[in-house]
Every structure is written in C-alpha cells, then in structure tokens.
Amino acid sequence: MRWKGRRVSTNVEDRRGGGGVKAGGISIIGLVVAFIAWKFFGVDPQQAYQATQAVTSETTSTAEAPQNLTLEQKEASEFVGTVLADTEDTWTPIFQQLGMTYKPPRLVLFSGVVKSGCGTAQSAMGPFYCPADQKVYIDTSFFKDMRQQMGISGEQNQTELSRQDQAGDFAQAYVIAHEVGHHIQNLLGISGKVQQARAQSSQVEGNQLSVRLELQADCFAGIWANQNQQRTQFLEQGDIAEAMDAAEKIGDDYLQRKATGQVVPDSFTHGTSEQRMQWFELGYTTGDINQCNTFK
Ligand SMILES: [Zn+2]
C-alpha cells in the first residue's frame, strides 16, 4: 500500500510515551511504589502514594507531546495520521451527498492503558471506538501483535528490509477504517438505534445485532478502500488479499476455534470470517453506502 507523501490528519492525539501510565485516575506506578514503600519500609501507603502521585502527575502532564518516541513509533503515527486523513477525504464528500456535514473522529494513540469516555481500556482489548467522546483508540503495539500472533504477513520481501516493516500495512489501515466505520454509524444514528434494540432483546438477539453492526463497519471500510483508490491509487498488488486475510483471521469463528477448539455461533459478536470478507468486498466493489445495509 502506498501511503507516504499524502496529507496527515491533525486529528491524532499521541498519548504514548513520557510520564506514568494512569488507570482510572490512579497512577499504577504510584500504587506500586506506595505498595513497596509500605511493604518494605513501613511507610503509610496513603502518604507514599500521595508523594509519588505528585511526581507522576508532573510527568503525565508533559505526556501530551511525547518527545522520546522511537523512529518506529514516529512512523506509526505518521501512517495512522495518513490513513485517518484518507478516511476524512472519503467520508466528507459522501456526507455532503447525504446533505450532512462530516465531523471526523479524533484518534488516540496510546501505550498500555488509556482513559477514554467509555472507561479505562487496556491495549489487550484491541482497537476500539468510543461513541461517548467520538474517538478511536489504538495501541500501535496491536499492529505488531496482529502481524505476529495472527500470522498476517502481507507484503514481505526478504531482500528489502524496509519493506518488512511495512508488512501488513493495508491490513492495519483496514482496521482503522473499520473503527472509523463505527464513527460513521454513530453519526448516522445507527449505533444508537441498535443500542436501544439491544436493551430490549435477549443475549442471543443482542449478539446478532452486534454482528450486523460489525459487518456494516467492514462494509464501510470497503467503501473507504474503493473511494481512496479512485482518489489516490494507493493500492498495490496483494493489498485486497491482505485485507481479506485480516478479515478472515479476525472473524469470530476463527478466533473462537483458535482459542477453544470449537465454535459457538450464538456468541458471535463480529461475524464469521466468511461474512466479514463478503461485506468488505461488497463495500469495496460497489463503493456505494446503500449497499451496506446489514440490517435488512
Ligand atoms: Zn468493530
């Protein structure tokens, strides 16, 4: 996938690096230090915690503008910013056609733990969209895990080292476009309606609604791939196969089979690999938002 040299979105909030990691307003480092102080030095934990808190809160305030990022981390934020800008340039005209104004989401890069409008989140949960603050949250280490654990290799060329770093870049972009898809659903009022319906339905029905919502976000990601290709010719050979590969490997059935050796369809919340590939492809081949009706 070609991505260098295009506009980089200003809607990226980099909360990686620098300062202590805060969980729910309580500094983990502070707690650990307080515990050690209490256990080994007999210091009142409350006092010790307050003391470390004063130190860490100073360092977290500088975390707004991370300085000691590695080259790899900087490139990751540039990549994410470019893909986010691509989604903005895709959805702005589509919303115009619908007679609406597109308000882009902000994207938060974090490492480890992050406080969102939807509560405290850990990177183990994977990327997510929080409707309450309209932000997409991504720990870029997820991309590394995605490549390693799921075996998503993408374009790999042993003779060219720099290309190896980019392995699976389109699959990563697809994940971002999927999360932005949830933002589109939020703006169009779809997720609100689904949430209402879920409140009145059984667990099984609720999961089915959730699957439809996820598949629609996949279809919206397909729309982005279609529109962005027309606008920037960013696709390279193998990219769509790479997204299909990713869609296959993050399907509920695949993950369940891998985790437990069996598949329980009623507990699906994202859809099967087959479904995810189908809906992404429908969005990609048609580029038509009206085709993404997963609720009919
Ligand atoms: Zn999703």
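**Hairpin.** I started with the link between β5 and β6, and found a hairpin that joins them through 2 residues. I kept in mind that this is a predicted model. Strand β5 covers residues 113-116 and strand β6 residues 119-122, and the two pair in the antiparallel sense over 4 bridges. I then looked up who faces Val 113, and it is Gln 122 in β6.

**Sheet.** Next I traced the open sheet, where 4 strands run in the order β1-β4-β8-β7 with mixed pairing. I noted β1 (12-14) and β7 at the edges; each has a single partner strand, so one side of each lacks a neighbour in the sheet. From one strand to the next, the twist averages 25 degrees. Inside the sheet, I checked β4 and β8, which pair in the parallel sense over 4 bridges. Leu 107 has Val 136 in β8 as its bridge partner.

**Helices on the sheet.** I found α3 lying across β1, β4 and β8, at about 160 degrees to β1. Helix α6 also packs on the sheet, where it touches β7 and β8, and its direction makes about 25 degrees with that of β7.

**Core.** Which residues touch the most other members of the largest nonpolar core? I listed Val 80, Tyr 137, Tyr 174, Ile 176, Phe 220, Ala 221 and Phe 280, out of 47 residues. Among the elements giving two or more residues to this core are α3 (71-97), β4 (106-109), β8 (135-138), α6 (169-187) and α8 (203-232).

Note on methods. Residues numbered from 1 in each chain as written. Predicted model: local features only at pLDDT ≥ 70, side-chain atom pairs only at ≥ 80, totals over all residues. Core = buried A, V, L, I, M, F, W, Y, C linked by C-beta atoms within 7 Å. Buried ≥ 20, exposed ≤ 12 C-beta atoms within 10 Å, placed from the backbone. Pairing = 2+ DSSP bridges. Axes fitted to C-alpha atoms, helices over the stretch in contact; angles between N-to-C directions. Contact = placed C-beta atoms within 7 Å.
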